[in-house]
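Reader: Hey, I'm new to this one. Can you walk me through how some of the helices pack?

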Amino acid sequence: MDDRGGSFVAVRRISQGLERGSNTCHSTSAEVVAGSAAWLGRGLSCVCAQRRENDARPSFDLTPAQEECLQKLQSRIDVAYDSSIPEHQEALRALWNAAFPEEELCGLISEQWKEMGWQGKDPSTDFRGGGFISLENLLFFARNFPKSFQDLLQKREGDRSVWEYPFAVAGVNITFMLIQMLDLEAVKPRSMVGATFLKFLAESESAFDFLYCITFKLMDHQWLTMQASYMDFNTVMKSTRRQLERELLLEDITRLEDLPSYGLLTR
């Protein structure tokens with residue numbers, strides 16, 4: 001732990017892929033090492049943005065449809081992960097099954113979770129930065145873009161660093177970054193980026209999950225382009241945010257599929 005209260009795990013890549021197909025409750029494919037940095041959001045030093053509460057920002061009026069969709073999304077954001085709720089337990093199991101379909105999970109608290117890039121054997125402790133919606137985001141990614149999901153999980157593409165970012169914890173950070181970037185906890189958007197996103201949200205309630213998938217793949221693309229290692233994670237996240245903001249404000253973007261970074265995704 002550092003003086004800001006945050007922590008992270010760095011994953012040292014020992015082999016190019018994870019060995020699957022066995023029902024054993026151990027892994028020999030990655031070494032998880034604790035270190036000091038701020039990886040998770042709420043209450044910690046965020047990796048993506050610094051906001052001054054007294055900043056003067058413009059506000060944008062919403063249509064009734066946009067207001068309704070925003071309120072529904074905010075309701076999702078407000079849900080904390082609760083390991084005692086059966087629905088949350090099942091979502092976590094579903095994530096494991098989507099990530100490692102040939103490996104049986106020994107339990108919701110297991111050393112196996114480190115294979116996915118959680119900080120410890122109990123992933124519920126990592127959801128404080130993104131809440132239940134961060135689990136929903138990961139599950140949406142796994143189900144809708146399984147190839148890209150597996151490519152990132154297994155670190156299949158590109159010339160990788162010896163010390164890689166932990167997949168799952170990075171996913172929680174991306175959820176938190178998007179909530180901040182789009183100012184989704186405000187009554188009305190206070191930036192053009194936020195106002196633009198609400199147009200997409202009014203057309204599809206899964207717009208946030210869809211943008212999450214694009215952002216995760218973009219982050220990994222930036223990681224490879226910058227030849228980053230784990231100490232560069234904050235820099236990569238800031239670069240990812242700037243690129244995403246630029247793309248959302250392009251004049252010819254009428255749907256999320258028009259974003260240039262959408263082309264990085266494969267199903």
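Author: Helices are DSSP runs of H or I, at least four residues, numbered from the N terminus. The model is predicted, so local features need pLDDT of at least 70 and side-chain atom pairs pLDDT 80 or more, while totals for chains, interfaces and linings use all residues. Residues are numbered from 1 along each chain, and side-chain values use heavy atoms, without hydrogens and water.

Reader: OK, at what angle do H3 and H7 cross?

Author: Roughly 70 degrees, and the axes of H3 (residues 132–144) and H7 come within 9 Å. That makes H3 roughly perpendicular to H7 (65 to 115 degrees counts as that).

Reader: Which residues of H3 make the contact?

Author: Ile133, Glu136, Asn137, Leu138, Phe140 and Phe141, with heavy atoms within 4.5 Å of H7 residues including Phe208 and Asp209.

Reader: And how do H5 and H7 cross?

Author: At roughly 125 degrees, with the axes of H5 (residues 167–181) and H7 (residues 207–225) within 10 Å.

Reader: Which H7 residues touch H5?

Author: Phe208, Leu211, Tyr212, Thr215, Phe216 and Met219.

Reader: Switching topic: which helix gives the most to the lining of the second largest pocket?

Author: Helix H6 (residues 192–203), with five residues.

Conventions:
Axes fitted to C-alpha atoms, helices over the stretch in contact; angles between N-to-C directions. Helix = DSSP H or I, 4+ residues; strand = E, 2+ residues; numbered from the N terminus. Parallel < 35°, antiparallel > 145°, perpendicular 65-115°, else oblique.
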